[in-house]
Amino acid sequence: MTGKMTHSDTREPIYLIAIRAAVLITAVLLFVGPLASWIGIFAAVAAVPAGLCLSRVCARARLRTPVVAAAGAGLACCAFFIERAVGRGYWLPHLFSPTTALAVCDAVLFGLLVLGVVCGLRTLSAKFPTLAILEIALVAAAILFVFTTQQESQLNQPRFLTDWTFSRGHSLNLVLAGIGFLILGTSTLLLLQIRRFPKAVAAVALLLFLGIVGHAILARFLPVFSIMQVAQGSSGGQGNKKGSQSGQSGQSGEQNQSGQNGESGQASGNNQGSSGQSQGGGSSSGNRNQDAPDFVASQSPPQPSPMAIVSLHDDFAPPHGYYYFRQNAYSQFNGNRLVRAVDAQLGNDVPAEFPTRHSEVAGVPLNEKWHKLVPTTISLIAPHGRPIALESARTLEPRRNADPASFQRTYAVTSQVIAVPLWEFAGVKSGDASWAAPLWTHYLAFPDDPRYRELAAKIVAESIDEGKLKPELQKSPVFAALAFRRWIEKNTIYSLKSSHAGDEDPAGSFLFGDQRGYCVHVAHALAYLLRSRGIPSRVASGYAAEASRTGQGSSVLLQSTDAHSWCEMYLEGVGWVVVDASPERSEEPTPPGVDQAAQSHFGERNHDGGDERGEGEGEGKSEAGRGGQMVSNVLLGMLLVLLAKLYAIKIWRRAIPWVAPERSLYRLSYRATLDLLADLGFVRGFGETREEFAERLKTLAPEFGELTSAHMRKAYYGVAESSRGWWRGGHHKIAARLAGKVPFHRRAIGFLNPAAWLRVS
Amino acid sequence: MPAILQDSEMRLGEIDCVTTADEIGADDDAGDRHPLENVRLLIGKLAVSCRTQVQGRDDVIALVLTALFADGHVLLEDHPGSGKTTLAKALGSGISRAAGAHGFAAFRRIQFTPDLLPSDVTGTAMFDPDSGTLTFRNGPIFANVVLADEINRTSPKVQAALLEAMAEKQVTVDNETHALEELFFVIATQNPLDQAGTYPLPRAQLDRFLFKIKMTHLDRESELEVLARHQAAKSAAPSVGVSPAEIVAARRTIQEMVHVAPAVHECLVDIAEATRKDPRVALGISTRSLVLAIPAMQVRAVMHGRDYVSPRDVKALAIPLFSHRLELLPGAKEPDVIVAECAAGAIEVLTRKTLAR
């Protein structure tokens with residue numbers, strides 16, 4: 001069979017070869033194009049005809065199939081190793097220029113990779129037409145690769161395919177499905193050509209298995225492929241079956257789910273900010289990267305959903321009972337409310353970007369008397385536009401995502417927190433003496449409304465009157481802040497129903513109107529009151545969580561209901577200090593508490609990742625996923641069980657002639673002999689009779705003929721030699737013959753081959 | 001040509017494992033040998049005698065002898081001058097008759113032509129002036145081995161006369177039935193290429209031939225040998241002297257003593273079903289052909305020194321047995337390929353059964 005196929009292949013018409021080369025070159029161009037330099041692309045394209053020529057040589061040579069497959073795979077692996085060895089070393093860039101070094105690396109990597117894959121696959125499919133499916137899968141995978149990566153905008157190439165699709169108004173998924181069906185159809189046609197149905201089914205099963213294994217392996221170990229792992233949509237549904245070959249198939253459902261949820265959350269958040277329609281996303285401030293806090297909130301408190309998990313690696317009890325996780329700071333007064341400062345320098349104590357390496361936040365004063373450094377690890381469960389950090393972040397570092405299925409990302413923050421109560425700062429001045437006049441103006445701007453000043457003066461005076469504030473301290477910014485806080489807590493009502501959104505000055509409308517509002521109003525009111533007293537202040541947003549909630553392992557689970565805005569004031573030498581008031585009276589029901597089980601679950605997962613230093617490309621890599629690991633573990637387990645089963649059956653079939661009754665020996669002992677021959681690759685062909693098979697092996701093992709005719713006589717006449725000694729003797733004589741004639745390595749491979757007996761029939 | 005077909009044709013050539021001349025020489029102590037062993041030697045004697053006169057046709061000789069001992073007839077399809085007459089003559093010369101029955105011969109040849117009449121084959125009643133009566137004169141068909149050359153050149157009525165004789169081993173002339181001898185073996189030939197002015201045999205008549213054997217040109221070696229031995233063969237044609245009675249007895253022995261396993265029967269039925277289901281075939285092989293197949297396989301088993309029929313016999317004989325019995329749909333060619341394919345599956349099943357309980 002093999003020989004025949006090889007023969008027919010060598011007589012393949014030239015136009016077929018040309019078509020095949022063209023298709024392969026197209027696929028290679030598609031695949032390599034976005035990844036490689038021009039040199040690399042050229043090498044890859046040149047490797048296609050080279051691989052085809054080499055495969056013809058291989059097909060003609062009487063190479064054994066595993067050798068061919070191993071050689072192809074080896075060549076491809078070799079490419080990676082050489083590229084690594086050459087690219088990581090310094091001698092090449094030193095010897096030439098870095099550009100040349102890059103080009104050489106590209107050429108070696110892609111040239112050898114394509115050469116190995118093309119040659120290996122072509123040779124295999126020349127020997128076994130069924131395996132041509134692998135070629136189809138490869139081409140399809142290349143196309144799907146480009147499609148999915150373009151769809152996710154992960155390649156900075158002209159996105160000719162996706163743009164073309166979109167410009168005609170087709171859904172990309174539809175196109176992908178179409179490609180999938182095309183591949184399915186082609187392979188079905190191919191399979192129909194092959195008459196023997198089990199073989200076809202086996203081929204498809206093999207393909208699926210390879211696809212899954214390939215996906216699991218590639219997704220985990222090759223960074224090249226992990227770029228496709230980032231937040232894939234529901235793309236490639238059909239194509240995945242074949243496309244999984246090169247590892248870009250869809251991720252586990254979980255991830256897709258969360259990605260989509262995040263997106264929709266974001267969308268609804270934005271909606272709300274712009275249109276003023278309240279649809280229950282008001283709490284997901286973590287999700288939004290807005291320029292200003294909203295004066296709009298949902299009508300009813302939404303159900304809490306987990307947003308992030310924070311693990312504190314040091315004991316820290318906040319003096320006022322709340323952990324404040326800052327995400328945004330708003331200090332610029334725009335005539336209506338406070339928004340993010342136009343000057344990015346202001347408010348740069350709040351990190352705007354997620355860390356990609358160790359980074360420090362400058363410009364935060366540190367005083368050991370008041371401050372404490374608390375290392376934390378933060379894993380974001382919902383997508384966030386900016387990092388969150390416990391009060392003031394000093395250093396940020398990426399961390400390995402310990403649970404990609406649950407976490408968007410993980411990073412570590414060393415936070416500087418204020419460890420003493422506010423009144424400790426009684427003697428501290430507000431602002432900073434070194435500030436220039438425009439900065440003071442920036443931090444002191446508030447609505448042109450005399451009532452703020454009047455109210456502020458009134459509150460301060462009242463507290464002096466009530467004896468709560470000593471007159472000598474009436475100039476103290478902190479005590480003014482405490483007085484304002486006290487006043488607001490006593491005199492306003494927490495309500496989500498009153499948003500004052502349309503008003504010219506929502507904070508004024510809140511403070512001097514119905515005095516009903518929520519955190520954003522309170523924060524603004526406090527900030528304006530402070531500013532009216534000449535105290536620099538701003539509004540910050542993020543999460544606030546009760547310290548008492550800290551769960552096992554000092555983990556705090558931040559929920560969507562924890563989203564909060566608060567006021568901050570600047571004290572010289574201390575930095576931004578939280579001044580937060582929560583009205584004593586509330587029209588809203590108490591939000592449900594935190595889910596302790598979820599908190600400890602996420603906390604544990606978070607700790608797993610916290611210990612390990614993240615890598616530079618950790619972000620993409622970490623997405624590969626627990627799902628992939630689970631799949632590969634399960635596959636590995638199944639593979640091991642299968643292997644164990646095969647070996648058990650092999651041993652059983654080899655040992656049974658020793659104990660079987662003598663009347664069955666003709667069958668069982670003969671079968672053991674056939675197994676022995678199959679180990680070495682001698683198997684009866686389809687339609688070949690046993691005598692013909694024995695005749696074929698006449699020169700190798702003459703005794704096999706005798707055994708065969710005894711076996712046949714017993715099977716078809718019912719009488720034959722039946723003593724165990726005779727049958728076993730024949731078996732051992734054949735074994736001895738084979739030992740003498742077959743090279744050792746083939747016998748060793750045969751001995752270890754667990755599945756050779758499957759070919760015995 | 002598929003590998004299976006090539007294989008099976010090649011296997012037909014394995015006659016050298018039948019008997020050698022040495023074995024035949026040592027048949028003094030025939031008494032204590034197994035009866036089948038005697039039969040094998042008998043077949044071997046004839047085979048050796050044929051082979052000395054016809055070179056390079058070992059496969060055809062084997063098939064012809066198989067048919068002879070299976071009580072069937074063969075149709076040789078070949079080109080003129082390919083040695084079929086020589087073969088038939090050689091076979092006839094191997095059979096020696098005691099000079100007994102009047103008008104009977106070991107071997108006769110009938111050259112069929114369009115103007116031939118049935119009486120030219122069967123014989124006719126002639127006026128005997130001595131006795132003044134009409135007496136039946138045996139035609140050329142009254143022989144043990146008849147070579148019916150170019151059978152498709154003659155008219156259907158002549159063909160019919162011959163076929164009646166083949167089927168019934170009797171000849172009816174003027175309402176009078178004349179029995180032929182028990183050993184009656186027809187080797188018919190037809191030219192596959194030259195079809196002009198012929199009366200092709202209908203499928204029903206083809207069905208009466210046990211084998212249709214296609215002869216190809218000799219290979220180079222055999223052809224050279226033919227030229228080299230041409231003179232020698234003419235001078236010395238040894239007679240092995242096998243009597244018709246011996247052959248008839250051998251037939252009986254074979255039928256009684258060669259075991260045919262039920263699995264082999266199943267295999268034959270499988271092949272028949274496969275041909276009937278094949279989309280290229282209008283009419284599959286008949287049950288009669290399966291019945292005829294069994295003795296042929298038994299003979300082949302004996303020729304290979306076995307007392308049981310094995311899958312190999314089925315494989316080797318499937319094409320000569322069945323391919324001329326298929327009625328193909330228009331457009332389908334190569335009945336040999338179809339039979340080989342149908343048989344391969346059934347033989348594979350049969351072969352696998354030996355390992356099953």
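Which side chains meet in a salt bridge of 2.8 Å, N to O? They are those of A:Arg684 and B:Glu348. A salt bridge here is a side-chain nitrogen of Lys or Arg within 4 Å of a carboxyl oxygen of Asp or Glu.

This is a predicted model, in which local features need pLDDT of at least 70 and side-chain atom pairs count only at pLDDT 80 or more, while totals for chains, interfaces and linings use all residues. Residues are numbered from 1 along each chain as its sequence is written, chains are lettered from A and ligands numbered from 1 in the order in which they are written, and side-chain values use heavy atoms, with hydrogens and water left out.

**Interface of chain A and chain B**

- Chain A brings 24 residues to the contact and chain B brings 25 residues (contact: heavy atoms within 4.5 Å).
- The size of an interface is often given as the accessible area lost when the parts come together.
- About 2300 Å² is buried between chain A and chain B. Carbon and sulfur atoms give 54% of this area. Buried area is the accessible area (1.4 Å probe) that two parts lose on being put together, summed over both.
- A:Arg667, A:Glu692 and A:Tyr716 supply 32% of the area that chain A buries against chain B, more than any other three residues.
- The rule finds 4 salt bridges across this interface.
- It also finds 14 residue pairs in polar contact, both residues at pLDDT 80 or more. A polar contact is a pair of N or O atoms within 3.5 Å; within protein, one must be able to donate a hydrogen and the other to accept it, and residues adjacent in sequence count only if both atoms are side-chain atoms.

**The side of chain A that touches chain B**

- Three helices of chain A, α22 (665–679), α23 (690–696) and α24 (703–716), each supply at least two residues of this side. Helices (H or I, at least four residues) and strands (E, at least two) are DSSP runs, numbered from the N terminus.
- α24(A) gives the most, with 6 residues.
- By class, this side has 9 nonpolar, 6 polar and 9 charged residues. Ala, Val, Leu, Ile, Met, Phe, Trp, Tyr, Cys and Pro count as nonpolar, Asp, Glu, Lys and Arg as charged, and the others, Gly among them, as polar.

**Chain B and its buried residues**

- Chain B has 14 helices and 11 strands.
- Of its 357 residues, 53% are buried. Buried means under 20% relative accessible area, exposed over 50%, partly exposed in between (1.4 Å probe, protein chains only).
- B:Asp336 sits in helix α14 (residues 335–352) of chain B. B:Asp336 is buried, at 9% relative accessible area. Its side chain makes a polar contact of 3.0 Å with that of B:Ser323.

**Nonpolar cores**

- The largest nonpolar core has 80 residues, of which B:Phe69, B:Ile187, B:Phe211 and B:Phe322 touch the most other members. Such a core is a set of buried Ala, Val, Leu, Ile, Met, Phe, Trp, Tyr and Cys residues joined through side-chain atoms within 4.5 Å.
- Helix α4 (residues 58–69) of chain B provides the largest share of this core, 9 residues.
- Apart from this core lies another, of 45 residues, including A:Ile418 and A:Val577.

**Positive phi**

- A:Gln515 has a positive phi of about 55 degrees although it is not a glycine. A:Gln515 lies in the loop between α17 (506–514) and β11 (516–517) of chain A, and is partly exposed at 22% relative accessibility.
- B:Lys169 also has a positive phi of about 55 degrees without being a glycine. B:Lys169 lies in the loop between α7 (156–168) and β6 (170–173) of chain B, and counts as buried at 15% relative accessibility.
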